[in-house]
Amino acid sequence: MTQNHVSGMEASAVSVLKRAVELDNSSRFQESLVCYQEGIQLLMDVLKAVKDDPKKVHYREKIKGYMDRAEQMKIHINQLKEDGKYHEQIKISEDATGYSYGMLFKPYISSALSEVWVEDPYIRHIHQLYNFLRFCEMLLKAACKVKTIHLLTSQDEADSGQQTAALAEVKQSLQAQGVSLDLQYSSTIHDREIRFDNGWIIKIGRGLDYFKKPKGRFSVGYCDYDLRQCHETTVDIFHTKHTKTLGDLM
């Protein structure tokens, strides 16, 4: 392994761990824990590659410190979950980038996740339908085995059938991937929230529709949502042991 490659891994580890500390200081514990775990793994890869003994000692000390903090955080998070007191809040500022569905939801997706409930009144217009499709694609690529996605939304009465046809196509496409889409409509739905059967509840003020319209079809951010500017919104994250029960009431 070349020195440049080792230096690159070290720079990546420093960047991820710096983000972990920032999130830790902001009390965004679940996101921070994911970053700590990723950063620790990167540092361990660096440790395996270096030959210099003093550097090995340095990396071992760093790894131990981060592992101790990650373990403390894991215990704290589990206790909050057990007490039903877990709550994090993320404020997405106007024109912010880096908040794709993958980045936002990744800390709350686990291998135990198999069922998802989406309540969002605005999965109607073409860009909102694409947002929902992107969300489904994110779940398919994640480290979980989602089998059922429930969508509760409002029906666009002025629509000539675009919403119905689009969601029918999404349903058929998901079915080919082994995922069932349970679609229901409500004329009174207002609140927006996403529930995972591993216990996480994510409430986004603007629902899935928090991205700004790109300046053009060939503008940066048109395809990659991490580079797409956002509207200002607030994301509240909770944990409960009763997600399935809540979902059964839909």
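**Entry 1. Overall layout**

I counted seven helices and seven strands in the chain; helices (H or I, at least four residues) and strands (E, at least two) are DSSP runs, numbered from the N terminus. The model is a predicted one, in which local features need pLDDT of at least 70 and side-chain atom pairs count only at pLDDT 80 or more, while totals for chains, interfaces and linings use all residues. Residues are numbered from 1 along each chain as its sequence is written, and side-chain values use heavy atoms, with hydrogens and water left out.

I read the order of elements from the N terminus as α-α-α-β-α-β-α-β-α-β-β-β-β-α. Along the principal axes, the C-alpha atoms of the chain fill a box of roughly 70 × 45 × 35 Å. I noted that 45% of the 250 residues in the chain are buried (buried is under 20% relative accessible area, exposed over 50%, partly exposed in between, with a 1.4 Å probe and protein chains only). I then looked up contacts, meaning heavy atoms within 4.5 Å. Of the contacts between residues at least 6 apart in sequence, 76% join residues at least 24 apart.

**Entry 2. Helix α5**

The 16 residues of α5 should span 22 Å, and the end C-alpha atoms are 23 Å apart, which agrees. I found Gln128, Leu129, Asn131, Phe132, Phe135, Cys136, Met138 and Leu139 buried in α5. An α-helix has 3.6 residues a turn, so residues three or four places apart point the same way. The cover over the buried residues of α5 includes α4, β2 (115–119), β3 (148–153), α6 (162–176), β4 (180–185) and β5 (193–196).

**Entry 3. Pockets**

I searched on a 1 Å grid over the protein atoms alone: a pocket is an open set of points with protein on both sides within 12 Å along at least five of seven lines, a cavity is a set where a 1.4 Å probe fits but cannot get out, and lining residues have an atom within 4 Å of a point. Grid points are joined across faces, edges and corners, and a volume is the space filled by probe spheres set on the points.

The largest pocket holds about 600 Å³ of space. I listed 24 lining residues for the largest pocket, with Gly102, Lys106, Ile109, Met138 and Ala142 nearest its centre. Two or more residues of that lining come from each of α2 (29–49), α4 (101–105) and α5 (126–141). The most comes from α5, which gives four residues. By class, I recorded 12 nonpolar, six polar and six charged residues in the lining of the largest pocket; Ala, Val, Leu, Ile, Met, Phe, Trp, Tyr, Cys and Pro count as nonpolar, Asp, Glu, Lys and Arg as charged, and the others, Gly among them, as polar.

For the second largest pocket I noted a volume of about 420 Å³. Its lining has 18 residues, of which His127, Pro214, Tyr222, Tyr225 and Arg228 lie nearest the centre. Seven of the lining residues of the second largest pocket are nonpolar, three polar and eight charged.

**Entry 4. Cavity**

I found one cavity of 30 Å³ or more. The largest cavity has a volume of about 40 Å³. Its lining residues are Val118, Glu119, Asp120, Arg192, Glu193, Ile194, Ile202, Ile204, Gly207 and Leu208. At least two of the lining residues come from each of β2, β5 and β6 (200–204). I classed five as nonpolar, one as polar and four as charged.

**Entry 5. Loop residues**

Most residues other than glycine have a negative phi, and most peptide bonds are trans. I noted a positive phi, near 65°, at serine 27, in the loop between α1 (3–25) and α2. Serine 27 is partly exposed at 39% relative accessibility. Aspartate 95 likewise has a positive phi, of about 70°, and is found in the loop between β1 (87–92) and α4. With 36% relative accessibility, aspartate 95 counts as partly exposed.

I also looked up glycine 178, in the loop between α6 and β4. Glycine 178 has a relative accessible area of 41% and is partly exposed.

**Entry 6. Cysteines**

I searched the whole structure for disulfides, pairs of cysteine sulfur atoms within 2.5 Å, and found zero. For cysteine 35, the nearest cysteine sulfur is that of cysteine 230, 17 Å away. Cysteine 35 is buried, at 14% relative accessible area. For cysteine 136, the nearest cysteine sulfur is that of cysteine 144, 12 Å away. Cysteine 136 is buried at 1% relative accessibility.

Notes:
Expected span 1.5 Å × (residues − 1).
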